[in-house]
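Biologist: Hey, could you walk me through this one? I'm new to it and would like to start with the charged residues.

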Amino acid sequence: MTGNDYSEEHFSNPDYTNTSMDETPIVAIVILNWNGKHFLEQFLPSVIASSYQNKKIIVADNASTDDSITFLQQHFPQVEIIQNDTNEGFAKGYNTALQQVTADYYVLLNSDVEVTPGWIEPIIELMENNAGIGACQPKMLTDAARHLFEYAGACGGWLDNFGYPFARGRVFDVVEEDKGQYNDAQPCFWASGAAMFVRADMYHVLGGLDEYFFAHQEEIDFCWRLQLAGYKVYVQPASVVYHVGGGTLAKGNPRKDFLNFRNNLVMLAKNLPVATALWKILFRMGLDVIAAYQALFSGNGRSFLAIAKAHCYFIKWLLFSKKQSVFPISKNGQLHGWYSGCVVWQYFVKHKKTFSEIIYNK
């Protein structure tokens with residue numbers, strides 16, 4: 001584990017809160033940047049304009065080769081800068097940066113997110129009133145089409161029985177129009193790493209993000225470990241942000257395919273009971289093979305190779321690299337936002353394309 005030396009018991013008590021209710025919690029908004037000057041120029045002013053007073057804004061730079069640092073120094077001197085020596089990816093980049101940040105709450109915020117003025121207060125109020133909530137996300141809408149939910153989190157992430165992530169407002173590539181149908185704050189399985197609030201001490205006690213992942217699905221893994229430790233993950237739709245998405249690795253990029261398929265298998269192996277993990281991973285790998293050949297027959301050979309490589313690297317992780325990962329500190333917590341069925345079956349066979357069609361009255 002990294003960070004402060006707290007016992008597991010200290011954080012398995014849902015009555016615990018690390019901040020006096022007589023004080024306004026310190027919120028550190030940490031933006032991980034890699035060659036994203038254009039995003040900082042466009043979206044950082046909205047973060048600075050946030051109405052919450054007791055905040056600090058930090059840009060953690062992953063060894064950018066553009067002029068992001070010079071731009072920040074010249075135009076936003078009030079923003080703290082942390083400079084990582086190399087491009088450490090999303091997971092290690094945040095772990096390195098957050099070791100240097102003192103706050104009550106961290107907000108992991110993508111550089112391509114525009115926030116609304118009052119986006120912080122509803123989430124902090126929710127988490128301060130319920131010490132059992134360890135992480136929370138806002139409602140995420142698409143920046144280019146603001147009536148639509150955004151792919152990376154929408155209105156709270158869920159996970160199905162075989163590790164497929166989906167969300168309130170997004171199932172595979174279908175994103176719904178936001179008509180207020182998911183405006184209730186409620187538990188979910190995972191909070192989007194594009195705008196994730198997390199209790200700072202808890203982040204370190206759980207070991208932070210799994211650096212083996214590098215990028216993609218590390219926030220799902222973190223939220224799974226958080227729930228297994230006895231805490232809840234929430235979505236608070238009273239907070240709204242707008243996300244561009246795909247700013248670093250665009251959809252269809254074989255590197256993105258590789259990371260998603262590999263990391264998903266690693267996540268299942270780490271967090272499921274051993275006996276359950278064995279058959280579910282074998283079943284999931286079979287579904288991956290089908291997806292790989294579908295890609296190949298549709299002319300996307302690069303995706304086929306990426307999935308094959310992901311399986312090879314997963315086996316390599318099982319045999320040689322498990323010590324590089326962060327495992328749950330406990331497996332006693334209750335999971336919320338878990339769909340016991342197969343979302344692939346519902347979507348592709350039964351043609352249910354929306355969250356509400358699959359998860360009735362949720």
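This is a predicted model: local features need pLDDT of at least 70, side-chain atom pairs count only at pLDDT 80 or more; totals for chains, interfaces and linings use all residues.

Biologist: Where does D221 sit?

Modeller: D221 is in helix α7, which covers residues 218-228.

Biologist: And is D221 buried or exposed?

Modeller: D221 counts as buried, because its relative accessibility is 0%, under the 20% cut-off.

Biologist: What does D221 touch, leaving out residues up to four places away?

Modeller: D221 touches D210, F213, M267, K270 and N271. Two of the names in that list, D210 and K270, also belong to the salt-bridge network.

Biologist: How far apart are the N and O atoms in the D221 and R225 bridge?

Modeller: The D221 and R225 side chains meet at 3.0 Å, N to O. Both residues lie in α7, 4 residues apart, which is about one turn of the helix.

Biologist: How many salt bridges does the structure hold?

Modeller: It holds 10 salt bridges. One of them joins K92 and E211, at 3.7 Å from N to O. That pair links distant parts of the chain: K92 is in helix α4 (residues 89-98), E211 is in the loop between α6 (200-205) and α7, and 119 residues separate them.

Biologist: What about K139, which residue does it form a salt bridge with?

Modeller: K139 forms a salt bridge with D178, and the closest N and O atoms are 2.9 Å apart. This pair also links distant parts of the chain, 39 residues apart, with K139 in strand β6 and D178 in the loop between β10 (174-175) and β11 (186-188). K139 counts as buried because its relative accessibility is 5%.

Biologist: OK, switching topic. How many cavities of 30 Å³ or more does a search of the whole structure find?

Modeller: The search finds 1 cavity of that kind. The lining is made by I31, L40, F43, L44, V47, L109, N110, S111 and V113. The elements giving two or more residues to that lining are α2 and β4.

Biologist: Which element gives the most to the lining of the largest cavity?

Modeller: That's α2, with 4 residues.

Biologist: Which residues make the nonpolar surface patch?

Modeller: V289, Y293, L296 and F297 make a nonpolar patch of about 400 Å². L296 is in helix α9, residues 274-297, and L296 counts as partly exposed because its relative accessibility is 34%.

Biologist: Now α5. How many of its residues are buried?

Modeller: Helix α5 (residues 120-129) is mostly covered, with 7 of its 10 residues buried. Those are I120, P122, I123, I124, L126, M127 and E128.

Biologist: What do the buried residues of α5 pack against?

Modeller: They pack against β1 (27-33), β2 (55-62), β4, β6 (133-142), β12 (195-199) and β13 (232-243).

Biologist: Last one: which non-glycine residues have a positive phi?

Modeller: N35 is one of them, with a phi of about 55°, and H351 is another, with about 60°. N35 lies in the loop between β1 and α2 (37-48), while H351 lies in the loop between α11 (343-349) and α12 (355-358).

Biologist: How do N35 and H351 stand for exposure, partly exposed or exposed?

Modeller: N35 counts as partly exposed at 24% relative accessibility. H351 is exposed, with a relative accessible area of 55%. Leaving aside its neighbours within four places in sequence, N35 is in contact with S64, T65, D66 and S68.

Definitions and conventions
Residues are numbered from 1 along each chain as its sequence is written. Side-chain values use heavy atoms; hydrogens and water are left out. Patches are made of residues with over 30% relative accessible area and no salt bridge: like charges are joined within 9 Å, nonpolar side chains (Val, Leu, Ile, Met, Phe, Trp, Tyr) within 5 Å. Accessible areas come from the Shrake-Rupley method with a 1.4 Å probe; for residues, only the protein chains shown count as cover. A salt bridge is a side-chain nitrogen of Lys or Arg within 4 Å of a carboxyl oxygen of Asp or Glu. Buried means under 20% relative accessible area, exposed over 50%, partly exposed in between (1.4 Å probe, protein chains only). Contact means heavy atoms within 4.5 Å. On a 1 Å grid over the protein atoms alone, a cavity is a set of points where a 1.4 Å probe fits but cannot get out, and a pocket is an open set with protein on both sides within 12 Å along at least five of seven lines; lining residues have an atom within 4 Å of a point. Grid points are joined across faces, edges and corners, and a volume is the space filled by probe spheres set on the points.
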